[in-house]
Amino acid sequence: MNNILQQLPKKAAEKKGENQKFFKKLKKKPPKNLDYIMQELHDDEFEKTDCLTCANCCKTTGPLFTNIDIERIAKHFRQKPQQFINQYLRVDEDNDYVLQQVPCTFLGADNYCSIYDVRPKACREFPHTNRKKFQQISNLTLKNVAICPAAYNIVEEMKKRIP
């Protein structure tokens with residue numbers, strides 16, 4: 001897995017132009033069954049992919065925390081939301097709450113998340129490849145293919161399936 005993760009940013013960079021062109025076309029004229037295709041590609045990939053062998057998303061990027069996430073996680077820790085914010089989060093340049101540091105504070109050495117049951121929505125939905133109206137998040141997907149081997153594989157399959 002380490003070898004795959006080391007090569008992933010380079011492979012994603014090599015495919016960036018091709019992927020941008022593909023997503024631009026997809027945005028203009030998405031197939032009627034795009035949501036169905038994406039769900040199928042997502043499910044197929046995650047039958048083969050075990051996130052616990054990778055956890056690169058948790059090691060290299062931090063999720064955005066919504067107010068609902070903060071309230072839920074603070075409750076889990078029996079803290080007031082502001083205590084949770086002060087202890088773990090900062091406000092980024094987009095004025096969003098994000099982790100103070102990466103890798104994620106809640107990631108264990110075994111790649112398990114210590115707050116898995118209450119994790120942020122951004123973590124639950126990552127890499128967002130089964131999202132409805134997938135064509136609307138092409139910029140996010142272009143970033144995710146450099147982080148997540150599964151997202152990379154899904155985009156490569158998409159390009160084969162969608163002319």
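Guide: First, a definition: buried means under 20% relative accessible area, exposed over 50%, and partly exposed in between (1.4 Å probe, protein chains only). This is a predicted model: local features need pLDDT of at least 70, side-chain atom pairs count only at pLDDT 80 or more, and totals for chains, interfaces and linings use all residues. Residues are numbered from 1 along each chain as its sequence is written, and side-chain values use heavy atoms, with hydrogens and water left out.

Visitor: Is cysteine 148 buried or exposed?
Guide: Cysteine 148 is buried, at 10% relative accessible area.

Visitor: How many disulfides?
Guide: The structure has 0 disulfides, meaning pairs of cysteine sulfur atoms within 2.5 Å.

Visitor: Switching to packing. Which residues touch the most other members of the largest nonpolar core?
Guide: Phe23, Leu26, Met38, Phe134, Met158 and Ile162, out of 21 residues. A nonpolar core is a set of buried Ala, Val, Leu, Ile, Met, Phe, Trp, Tyr and Cys residues joined through side-chain atoms within 4.5 Å.

Visitor: Which helix gives the largest share of this core?
Guide: H8, with 6 residues. Helices are DSSP runs (H or I, at least four residues), numbered from the N terminus.

Visitor: What does methionine 38 contact?
Guide: Beyond neighbours within four places in sequence, methionine 38 contacts Thr129, Phe134, Ile154 and Met158. Contact means heavy atoms within 4.5 Å.

Definitions and conventions: Helices (H or I, at least four residues) and strands (E, at least two) are DSSP runs, numbered from the N terminus.
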